[in-house]
Amino acid sequence: VAGSTALTSAADAVDIAMLSATGTASSSTFLRGDNSWAAAGGTNTPYWHVWLDGHQNISGSTATKVQFDTEIYDSASAFSSYKWTCPVGSAGYYFVYANVVIGSSNNYLQNCYSQLYKNGAYTTGDGYYNWYGHTAHDTGRMNASFRQVISLAEGDYLECYGYGVENTADQLRFDGNGGTQFGGFKLL
């Protein structure tokens with residue numbers, strides 16, 4: 001091309017030492033368009049996964065916060081008082097999931113719901129319904145799960161609630177042993 005200067009030899013090439021990029025060049029970084037070195041990929045942090053280890057008695061036909069007592073993972077130490085709070089510097093989109101197992105001591109469980117609350121307000125949920133004319137559920141146990149992508153700002157908090165309905169006197173409980181669980185992670 002007329003008027004342009006082409007690189008004609010290895011001596012004319014630009015090497016890493018000649019760049020004024022910020023950051024550190026290595027085999028695990030790449031040069032971004034803003035002239036900075038950055039690591040490829042990400043870590044999907046923060047993340048958490050908790051479960052209920054035993055049982056929690058609940059009232060029927062009432063949304064009840066699950067009192068998770070066992071932390072399996074909590075990368076940011078952000079799970080406390082049965083809720084997860086988005087840490088400083090971690091705003092973004094999160095994949096959040098839960099499973100709630102509700103048992104009835106008299107085997108008359110009709111419906112079971114799992115519910116996600118954000119900052120104290122219902123956000124989403126899912127349910128399992130016994131469609132057999134509101135008769136007794138065979139095992140006296142039902143489970144319901146939700147999966148949701150949600151936007152969180154610093155300080156937003158998430159809680160998991162469950163809701164069960166019987167057709168006799170309420171004798172409900174959240175069943176634990178890892179069946180009732182709640183977790184999530186930040187999306188890249």
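**Exercise 1. Which residue forms a salt bridge with Lys118, and where do the two partners lie?**

Step 1. Lys118 pairs with Asp156 in a salt bridge, with 3.8 Å between the closest N and O atoms; the term requires a side-chain nitrogen of Lys or Arg within 4 Å of a carboxyl oxygen of Asp or Glu. The model is predicted: local features need pLDDT of at least 70, side-chain atom pairs count only at pLDDT 80 or more, and totals for chains, interfaces and linings use all residues. Residues are numbered from 1 along each chain as its sequence is written, and side-chain values use heavy atoms, with hydrogens and water left out.

Step 2. Strand β10 (residues 109-118) holds Lys118, while Asp156 is in the loop between β12 (141-152) and β13, so the pair ties together parts that are 38 residues apart in sequence. Strands (E, at least two residues) are DSSP runs, numbered from the N terminus.

Step 3. Lys118 is partly exposed at 23% relative accessibility, whereas Asp156 is buried at 13%. Buried means under 20% relative accessible area, exposed over 50%, and partly exposed in between (1.4 Å probe, protein chains only).

**Exercise 2. How many salt bridges are there? Describe the others.**

Step 1. The count is three.

Step 2. Lys65 and Glu159 meet through their side chains at 2.9 Å, N to O. Lys65 belongs to strand β5 (residues 64-65) and Glu159 to strand β13 (residues 157-166), so this bridge ties together parts that are 94 residues apart in sequence. Lys65 is partly exposed, with 24% relative accessibility; Glu159 is buried, with 5%.

Step 3. Arg173 and Asp175 form a salt bridge at 2.7 Å, N to O. Arg173 is partly exposed at 24%, and Asp175 is buried at 1%.

**Exercise 3. Describe the geometry of the Tyr117 and Tyr122 pair, then list the members of the aromatic cluster.**

Step 1. Ten aromatic pairs are counted, where rings of Phe, Tyr and Trp (its six-membered ring) pair if their centres lie within 6.5 Å, with planes under 30 degrees apart stacked, over 60 edge-to-face and the rest tilted.

Step 2. Tyr117 and Tyr122 are edge-to-face, at 6.0 Å centre to centre and 80° between the planes. Tyr117 is buried at 13%; Tyr122 is partly exposed at 47%.

Step 3. One aromatic cluster is formed by Trp48, Phe68, Trp84, Tyr94 and Phe182.

**Exercise 4. How many disulfides does a search of the whole structure find?**

Step 1. A disulfide is a pair of cysteine sulfur atoms within 2.5 Å.

Step 2. The search finds zero. Cys86 is buried at 2%, and Cys160 is buried at 0%.

Technical notes: Helix = DSSP H or I, 4+ residues; strand = E, 2+ residues; numbered from the N terminus.
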